[in-house]
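Student: I have a structure open and would like to learn how to read its features one at a time. Could you walk me through it?

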Amino acid sequence: MGTVVTEAPAKVDEKVLKEEPLIDESELSPIEQVRLTVPNTDDASLPVWTFRMWFLGLFSCLLLSFLNQFFGYRAQPLVITQITVQVATLPIGRFMASVLPTTKFRIPGSGSREFSLNPGPFNMKEHVLITIFANAGSAFGNGTVYAVGIVNIIKAFYERSISFLSSWLLIITTQVMGYGWAGLLRKYVVEPAHMWWPSTLVQISLFRTLHEDEENDGKRRISRVKFFVIALVCSFCWYVFPGYLFQTLQSISLLCLAFPHSVTAQQMGSGLNGLGIGAFTLDWTTVASFLFSPLVSPFFAIVNVFMGYALIIYLVMPVSYWGLNLYSAKTFPIYSSDLFTSQGQLYNISLIVNEKFELDLPEYEKLGRVHLSTFFALTYGFGFATIASTVSHVALFYGREIYSKYKASSREKADVHTRLMRNYKDIPSRWFYLLLAGSILAGLALCIFLKKDVQMPWWGLIFAAALAFFFTLPISIITATTNQTPGLNIITEYIMGAILPGEPITNVCFKTYGYMSMAQAVAFLSDFKLGHYMKIPPRSMFLVQFIGTILAGTVNLGVAWWLLDSVDNICHKNLLPANSPWTCPGDKVFFDASVIWGLVGPKRIFGSLGEYSSLNWFFLGGLLGPVIVWLLHRAFPSQTWIPLINLPVLLGATGNMPPASPLNYTSWILVGTIFNFFVFRYRKQWWKRYNYILSAALDAGVAFMTVLLFFALGVEDKSLNWWGASPHVVPEHCDLASCPTAKGISVEGCPAF
């Protein structure tokens, strides 16, 4: 496959190639950050459909979808994002440009078109498309396709069956439906200059930095490529220690080592099952799991997360557990995502599921109500508050700006970026209509003819699609102007849980179609804006996104199917060896959500028949919180720190907990502060040159060593047996951290009080 020349405009002249001298001031972007970051020129002669792009793009998509699904089942599920590929493929692309033959040839049936495996230097447009492929491989930053979680809980947790065809249709239709919404809304949230999508500017800055010529100021510096290789090799070699030889390095708890027989000390000191005080790690997967690499997060975001984390972990939790014994807190572990009986025992969910895969009400009444650890319950409360506070915060602090920008976008003159993009053939709207119609029809076929696998009635799909369509435009506008994306997953769970309680798979399918198709649409639109700024031909963007999405979803499902069938007791922590990595923390929380919202239903958990009805007040508190901040800002306009109080960020800081642990947060905050405050402030040139390179190398090195360890040792179940790494010993040595402390509660392996 060579360069396809049809992706360039039909007529390319000097005016298109060198636009900057002719730019009218009125055509410049009205957003200052865009003017400072995005180039106002376009070289439309650059080839994009090259052999290099297809080879590296497809390979990156396949590799990332395999690695991320593989990691998704592990205790520390590292997500390899597009940034790793963005950094790694530049030297590979340049190497291919230097060695591939430049000979031109013709393919029979293609007329007079000429092709070449090497049409010239590796260019930025090829690089952008490769990165878009990789983004699809990492499920647009989520790691794996969300719908795979449904397959996981059916096969691993409920221990029921679902066909491969049903699974594939479920995955593909949720992805492609989001693509359909995105296509319908491009004109409203991609082309207008006021819809500027702040997150895309980070990628554009990195692209420009990587493609700049290496500075030559007389100082001897190691090249970026050599630095990447050295860091990757070091990361690869080091991970053999926390990954196999000395697993205690994953989480070192000083309090647990100092007080091996104290439950309270271990509750405070455990980084994985406690508050994480005095715990640290020497394992990059622990640092970068759940919250992604701290090296690519700006310092102000790290500070916001720290403030919210410290408020909840160091104030709310100790007061709730030791002070108030809130919701019988001491009957359960201080930190757990498990479901319990009133006596602190693990709730046997299989006993309350009947043959129809629905709630067995007599058995449920016999076993009693489902109980959560106080921390798990409060995370739902803070989740309610986060959703409500996002609505009021955005309305009060950004409402007028959003409205004015949207109003301006409908009548504004096209800026230079939109004008340059008009040199390329646009995507016909019918392509998106066909995709949307096809995905809805396929989804209806799934709900009608394969209903035994997915439970959801056909009207549930129509309702979910209507919900997604209703919310996609306002959520996209909020994201495009404020970089905040309100999450609606709890809303969709609540709605279907109230309508059809007792059906767990119906609930998660409705959530996936209603919420995730909207989230996918926002991710697609963000990529469209990146292509818009980088002057990528729209049809190239369409094909790369579509092919990457189908390919990644298929690979995700294939890897999931393989691991679910080949790893004994996968996801069952109580049946696995103590040091097994195959604990599926993310899927465990997804399963718990299916039980809470679907099987048991919100009325029996958060309603009149449940223990946690008072948590609904968090909705009101979250709604009113930003109002108070806004009123204080209006009353004291000279106090510039008041509008910096971002309650959605503070309340949602621990949104990844569980499954993320306190150690994931503290190590992420520490490493992020070191690099994005101290190094950035005092060694800015080093940071500019190597920071993102180091992040990509650390991710890549750990990923490759993890896969090597699995195939070399894990398949044969070869393990060490010593204090630092044993299948019979929890590597952290905080066995008592998960014990209850209430009097009269007896749990195996725990002291009685």
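This is a predicted model: local features need pLDDT of at least 70, side-chain atom pairs count only at pLDDT 80 or more; totals for chains, interfaces and linings use all residues.

Student: Let's start with helix packing. At what angle do α3 and helix α23 pack, and how far apart are their axes?

Tutor: As for the general idea, a pair of packed helices is described by two values, the angle between the axes and the distance between them. Here α3 and helix α23 (residues 538–566) pack at about 35°, and their axes are 8 Å apart. The contact involves M53, W54, L58, C61, L62, S65, F66, Q69 and F70 on the α3 side. On the α23 side, the residues include V544, I547, G548, L551, A552 and V555. The crossing of this pair, α3 and α23, is right-handed.

Student: How do the axes of α3 and α4 cross, and within what distance do they come?

Tutor: The axes of α3 and α4 come within 11 Å and cross at roughly 145°. This crossing of α3 and α4 is right-handed. From α3, the contact uses F51, R52, F55, L56, S60 and L64; from α4, it uses Q82, V85, T89, I92, G93, M96 and A97.

Student: What should I check in α4 itself, for instance how far it reaches from its first C-alpha to its last?

Tutor: You can compare the reach with the expected span. Helix α4 (residues 82–99) has 18 residues and reaches 25 Å, close to the 26 Å expected at 1.5 Å a residue.

Student: Where in α4 does a kink lie?

Tutor: The kink, about 35°, lies at T89, shortly before the proline P91. T89 is also one of the buried residues of α4, and others among them are Q82, I83, L90 and M96.

Student: Which helices do the buried residues of α4 pack against?

Tutor: Their partners are α3 (51–72), α5 (124–137), α8 (199–211), α9 (224–238) and α28 (684–714).

Student: Now α7: what span should its 26 residues have, and how far apart are its end C-alpha atoms?

Tutor: At 1.5 Å a residue, the 26 residues of α7 should span 38 Å, and the end C-alpha atoms are 36 Å apart, which agrees. α7 has a kink of about 35° as well, centred on G183. This helix is mostly covered, with 20 of its 26 residues buried.

Student: Are α7 and α22 parallel, perpendicular or oblique to each other?

Tutor: Start with the geometry: the axes of helix α7 (residues 164–189) and helix α22 (residues 504–533) come within 7 Å and cross at roughly 45°. α7 and α22 are therefore oblique to each other. The crossing of α7 and α22 is right-handed.

Student: Which residues does a cis peptide bond join?

Tutor: The cis bond joins P658 and P659, with omega about 15°. P659 sits in the loop between α26 (647–651) and α27 (662–682).

Student: How far apart are L291 and Y665, in sequence and in space?

Tutor: L291 and Y665 are 374 residues apart in sequence and 7.8 Å apart in space, C-alpha to C-alpha. L291 is found in the loop between α13 (284–288) and α14 (299–323), and is buried, with a relative accessible area of 12%. Leaving aside neighbours within four places in sequence, L291 is in contact with N656, N664, Y665 and W668.

Student: Is N483 buried, partly exposed or exposed?

Tutor: N483 counts as partly exposed, at 40% relative accessibility. N483 lies in the loop between α20 (458–482) and α21 (489–499). Not counting residues up to four places away in sequence, N483 touches P198, S199 and I478.

Methods:
Residues are numbered from 1 along each chain as its sequence is written. Side-chain values use heavy atoms; hydrogens and water are left out. Helices (H or I, at least four residues) and strands (E, at least two) are DSSP runs, numbered from the N terminus. The expected span of a helix is 1.5 Å times one less than its number of residues. The bend at a residue is the angle between axes fitted to the seven residues ending there and the seven starting there. Buried means under 20% relative accessible area, exposed over 50%, partly exposed in between (1.4 Å probe, protein chains only). Contact means heavy atoms within 4.5 Å. Axes are lines fitted to C-alpha atoms, for helices over the stretch in contact, and angles run from 0 to 180 degrees between N-to-C directions. Angles under 35 degrees count as roughly parallel, over 145 as roughly antiparallel, 65 to 115 as roughly perpendicular and the rest as oblique. A crossing is left-handed if the near helix is turned anticlockwise from the far one by less than a right angle, and right-handed if clockwise.
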